Amino acid sequence: VQLQASGGGLAQPGDSLRLSCSASGRTFSTYYIGWFRQAPGKEREFVSRISATGSATYYADSVNGRFTVSRDNDKNTAYLQMNSLKPEDTAVYYCAASNYRHSHPRFYDFWGQGTLVTVSS
């Protein structure tokens, strides 16, 4: 499966953004989709994941209650709705696909190119 993330941009603290992860291939609906982010000078970190059917979601503590992950398998697309953005959310955001219910990047075999989110006043 090939993934492409989009929707990043410049936002002010408290604003919202929605990221999209578009996939090619017929197997999108069989994968867990994870969202990760990497800030300058920092390691890539887990943000959220959603199960293949969309019935189960999981969030990092840092975004829980502010971000919502979802997917539309008919459209081969996953989403990350980001509300109440903070400057510390500034990072390049990546979506990835995995056969495993896991939060570590090494379990994700397919990655999209990142989309930059900058939160600044």
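A salt bridge is a side-chain nitrogen of Lys or Arg within 4 Å of a carboxyl oxygen of Asp or Glu. Arginine 66 forms such a bridge with aspartate 89, with 2.7 Å between the closest N and O atoms. The model is predicted, so local features need pLDDT of at least 70 and side-chain atom pairs count only at pLDDT 80 or more, whereas totals for chains, interfaces and linings use all residues. Residues are numbered from 1 along each chain as its sequence is written, and side-chain values use heavy atoms, with hydrogens and water left out.

Across the whole structure, the search returned three salt bridges. Side chains of opposite charge can pair when their charged atoms come close. In the bridge between arginine 66 and aspartate 89, the arginine belongs to the loop between β6 (57-59) and β7 (67-72) and the aspartate to the loop between β8 and β9, 23 residues apart. Strands are DSSP runs (E, at least two residues), as are helices (H or I, at least four residues), and both are numbered from the N terminus. Arginine 66 is buried, at 10% relative accessibility; buried means under 20% relative accessible area, exposed over 50%, and partly exposed in between (1.4 Å probe, protein chains only). Aspartate 89 is also buried, with a relative accessible area of 0%.

Aspartate 89 forms a salt bridge with arginine 37 as well, the closest N and O atoms being 2.9 Å apart. Arginine 37 lies in strand β4 (residues 32-38) and aspartate 89 in the loop between β8 (77-82) and β9 (91-98), so this pair ties together parts that are 52 residues apart in sequence. Arginine 37 also meets glutamate 45 in a salt bridge of 2.6 Å, N to O. Of these two residues, arginine 37 is buried at 5% relative accessible area, while glutamate 45 is partly exposed at 35%. Through shared partners, the salt bridges join Arg37, Glu45, Arg66 and Asp89 into one network.

A further polar contact (a pair of N or O atoms within 3.5 Å; within protein, one must be able to donate a hydrogen and the other to accept it, and residues adjacent in sequence count only if both atoms are side-chain atoms) was found at arginine 37, whose side chain is joined to that of tyrosine 93 at 2.9 Å. Not counting residues up to four places away in sequence, arginine 37 touches Ser62, Val63, Phe67 and Val92, among others.

Phenylalanine 67 touches both Arg37 and Asp89, and its other contacts include Val47, Tyr59, Leu80, Met82 and Tyr93. In soluble globular proteins, nonpolar side chains tend to be buried together.

Serine 84 is in the loop between β8 and β9 and is partly exposed, with a relative accessible area of 40%. Its C-alpha atom is separated by 5.5 Å from that of aspartate 15, 69 residues apart along the chain. Leaving aside neighbours within four places in sequence, serine 84 is in contact with Gly14, Asp15, Ser16, Arg66 and Asp89.

Technical notes. Contact means heavy atoms within 4.5 Å.
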